[in-house]
Amino acid sequence: MTHGHHGRAGAEVRPLGEADAAALIACVRRCYGETYGEQGFYDEDWLVAQMRSLRLLSVGACDGRRVVGHIGTTVTSPGDAVGDTVAAIVDPTYRGLGLV
């Protein structure tokens, strides 16, 4: 198992997987309430399906099991060379610490 590295905020920066979907949704809610434009980021089944199919590649900053920052890339088809950056977010209590 590979481990991430720790940023200035003391959070571990690592790839996120299916087991992190609920914690990612909680982070989105802390940042945006229910107003984030991509509604899939509130749906655990959708997130898990996107991660499993490699259509969403996510990196998170984690403080224990809590996701406190995220940046992702969506790809139309797994293996595509070009993707779109999505959900560059940082928990309000961790902002200004260099996570994203």
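Modeller: The buried residues of α1 pack against α2, β4 (66–74) and β5. This is a predicted model, in which local features need pLDDT of at least 70 and side-chain atom pairs count only at pLDDT 80 or more, while totals for chains, interfaces and linings use all residues. Residues are numbered from 1 along each chain as its sequence is written, and side-chain values use heavy atoms, with hydrogens and water left out.

Colleague: Which residues of α1 are called buried, and what does buried mean?
Modeller: Buried means under 20% relative accessible area, with exposed over 50% and partly exposed in between, for a 1.4 Å probe and protein chains only. In α1 the buried residues are Ala 21, Ala 23, Leu 24, Ile 25, Cys 27, Val 28 and Cys 31.

Colleague: What makes α1 and α2 oblique to each other?
Modeller: Their axes, which are lines fitted to C-alpha atoms over the stretch in contact, come within 9 Å and cross at roughly 120 degrees. Angles under 35 degrees count as roughly parallel, over 145 as roughly antiparallel, 65 to 115 as roughly perpendicular and the rest as oblique; α1 and α2 are therefore oblique.

Colleague: Which residues make that contact?
Modeller: Contact means heavy atoms within 4.5 Å, and here Ala 21, Ala 22, Leu 24 and Ile 25 of α1 meet Glu 44, Leu 47, Val 48 and Met 51 of α2.

Colleague: What span is expected for α1?
Modeller: The expected span of a helix is 1.5 Å times one less than its number of residues; α1 has 12 residues and reaches 16 Å from its first C-alpha to its last, close to the expected 16 Å.

Key: Helix = DSSP H or I, 4+ residues; strand = E, 2+ residues; numbered from the N terminus. Axes fitted to C-alpha atoms, helices over the stretch in contact; angles between N-to-C directions.
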